[in-house]
Amino acid sequence: MKATNPDGTLVELENCWIQVGDFRKIKMKILPDVSDSKQATYSDMTAIGRSSPMKSYSHSDNRTISWTVHFMVTQEQDKLEISENIAMLQSAVYPKGKNDELYSPPPLCKIKCGGGSEELGSKEMCTILKSYSLKFPTDVAWDDELYLPYKLDMELQFEVVYNTDEFPYAEDIFQL
């Protein structure tokens with residue numbers, strides 16, 4: 001697959017995107033840096049006569065997906081689209097509607113990247129955006145109207161949210 005179209009514009013990756021709530025999908029044009037982490041917690045159980053404690057599985061911690069989006073302006077329309085995408089992602093850590101009578105949490109996000117791997121590719125994952133970090137570099141050209149650098153990165157920290165009947169087990173992760 002080629003990274004650019006014949007006119008030099010970046011190709012949207014069909015199977016690599018983020019969706020905030022019911023908004024449109026933000027399709028990646030540059031493969032993001034993605035890391036996937038999860039921890040298991042074990043409790044120490046002591047017993048008389050043992051030189052070291054026994055380990056007892058307690059629970060698993062949250063699965064965290066770190067995702068760095070690489071934005072790059074290659075044509076005039078990219079500037080507005082990137083600005084909208086940044087605002088859409090930033091909105092995912094704020095509660096909904098100040099006019100609502102009841103508190104509404106931030107929207108859920110769906111993420112997908114790839115087409116082959118069962119874990120991060122073939123299925124979209126339901127997540128919450130825990131944090132974002134956006135740095136505006138000064139070593140690249142900027143748009144003088146929007147004050148938007150022509151290349152910038154946005155780091156996102158998602159936690160996967162599972163439906164109660166879809167919790168993963170070891171057999172779901174490793175299959176021969």
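This report describes the sheet, the nonpolar core and the salt bridges of a predicted model.

## Basis

Local features in this predicted model need pLDDT of at least 70 and side-chain atom pairs count only at pLDDT 80 or more, while totals for chains, interfaces and linings use all residues. Residues are numbered from 1 along each chain as its sequence is written, and side-chain values use heavy atoms, with hydrogens and water left out.

## Sheet order

Seven strands make an open sheet in the order β2-β1-β7-β8-β11-β6-β3, with antiparallel pairing. Strands and helices are DSSP runs numbered from the N terminus (strands: E, at least two residues; helices: H or I, at least four). Two strands count as paired if DSSP finds at least two bridges between them. The edges are taken by β2 (25-27) and β3 (33-37); each has a single partner strand, so one side of each has no neighbour in the sheet. From one strand to the next, the twist averages 30 degrees, with axes as lines fitted to C-alpha atoms and angles running from 0 to 180 degrees between N-to-C directions.

## Strand pairs

β1 and β7 run antiparallel and are joined by five bridges; C16 stands opposite C113 of β7. Strand β7 (residues 109-113) is joined by three bridges to the antiparallel strand β8 (residues 125-135), where T127 stands opposite C109. T127 also has a bridge partner in β11, namely V160. Eight bridges join β8 and β11, which run antiparallel.

Strand β11 (residues 151-160) is also joined to strand β6 (residues 64-72), by nine bridges in an antiparallel arrangement. V69 has M154 of β11 as its bridge partner.

## Core and surface patch

The largest nonpolar core holds 28 residues, and I18, W67, L156 and F158 have the most contacts inside it. Such a core is a set of buried Ala, Val, Leu, Ile, Met, Phe, Trp, Tyr and Cys residues joined through side-chain atoms within 4.5 Å. Buried means under 20% relative accessible area, exposed over 50%, and partly exposed in between (1.4 Å probe, protein chains only). Two or more core residues come from each of β1 (16-20), β6, α1 (76-91), β7, β8 and β11. The most come from β11, which gives five residues. β7 is mostly covered, with four of its five residues buried.

On the surface, L108, I128 and V161 form a nonpolar patch with about 210 Å² of accessible area together. Patch residues have over 30% relative accessible area and no salt bridge, and nonpolar side chains (Val, Leu, Ile, Met, Phe, Trp, Tyr) are joined within 5 Å. Areas come from the Shrake-Rupley method with a 1.4 Å probe. I128 belongs to strand β8 and is partly exposed at 32% relative accessible area.

## Salt bridges

The whole structure has 10 salt bridges, each a side-chain nitrogen of Lys or Arg within 4 Å of a carboxyl oxygen of Asp or Glu. One of them joins K27 and E14, whose closest N and O atoms are 3.0 Å apart. K27 lies in strand β2 and E14 in the segment before β1, so this pair ties together parts 13 residues apart in sequence. K27 is partly exposed at 26% relative accessibility, whereas E14 is exposed at 52%.

K29 forms a salt bridge with D78 (3.3 Å, N to O). D78 lies in helix α1 and K29 in the loop between β2 and β3, so parts 49 residues apart in sequence are tied together. D78 is buried, at 2% relative accessibility. K29 also meets E81 in a salt bridge (3.9 Å, N to O). E81 counts as partly exposed at 23% relative accessibility. Through shared partners, K29, D78 and E81 are joined into one network of salt bridges.

Note on methods. Patches are made of residues with over 30% relative accessible area and no salt bridge: like charges are joined within 9 Å, nonpolar side chains (Val, Leu, Ile, Met, Phe, Trp, Tyr) within 5 Å.
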